Amino acid sequence: MNTQYCLACGKELKGRSDKKFCDSQCRSTFHNTNRAPHELEIQNINSALRRNRSLMAHFCPSGKSTVDKDVLTKLDFKFDLFTHIFPFKSGTYFFCYDYGFLPIMDKGTEKMVIVQKQSYMENLNFHPWDFNIVKNK
């Protein structure tokens, strides 16, 4: 009989003849390290989005707050990553799931107004082709 070894850690396998891993942790480790490059990119972006959302939730405990951009920059907030936008007459909120930010200037300082998503934001009939950027081209 051929001796088989775990594909992740190399330990000798015992049990079924078609077994490839010694436990679920080794199976998980093997599959995580052998992912396609695009899957790793998706994982990294999702992690950054979750981090952005967590930072906004931390700085916005009561539904709305204002934070200096520099504070979030130092905490590695990724301003170019967001899940969706909410445009309105005087600006655009950039959302990470249920928290959004509006970039503003306050007395020469770059700041962010952070808001928690409100029910009136749910029924937005926004279409990208209606947005001003597209209309100007």
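Biologist: Is C9 buried, partly exposed or exposed?

Modeller: Buried means under 20% relative accessible area, exposed means over 50%, and partly exposed lies in between (1.4 Å probe, protein chains only). C9 counts as partly exposed, at 38% relative accessibility. C22 is also partly exposed, with a relative accessible area of 28%. Please note that this is a predicted model: local features need pLDDT of at least 70, side-chain atom pairs count only at pLDDT 80 or more, and totals for chains, interfaces and linings use all residues. Residues are numbered from 1 along each chain as its sequence is written, and side-chain values use heavy atoms, leaving out hydrogens and water.

Biologist: How many disulfides does the structure hold?

Modeller: A disulfide is a covalent bond between the sulfur atoms of two cysteines. Here the term requires a pair of cysteine sulfur atoms within 2.5 Å. The structure holds zero disulfides.

Biologist: Which residues have the most contacts inside the largest nonpolar core?

Modeller: A nonpolar core is a set of buried Ala, Val, Leu, Ile, Met, Phe, Trp, Tyr and Cys residues joined through side-chain atoms within 4.5 Å. The largest one has 13 residues, and M56, L72, F77, Y99, F101, M112 and I114 have the most contacts inside it.
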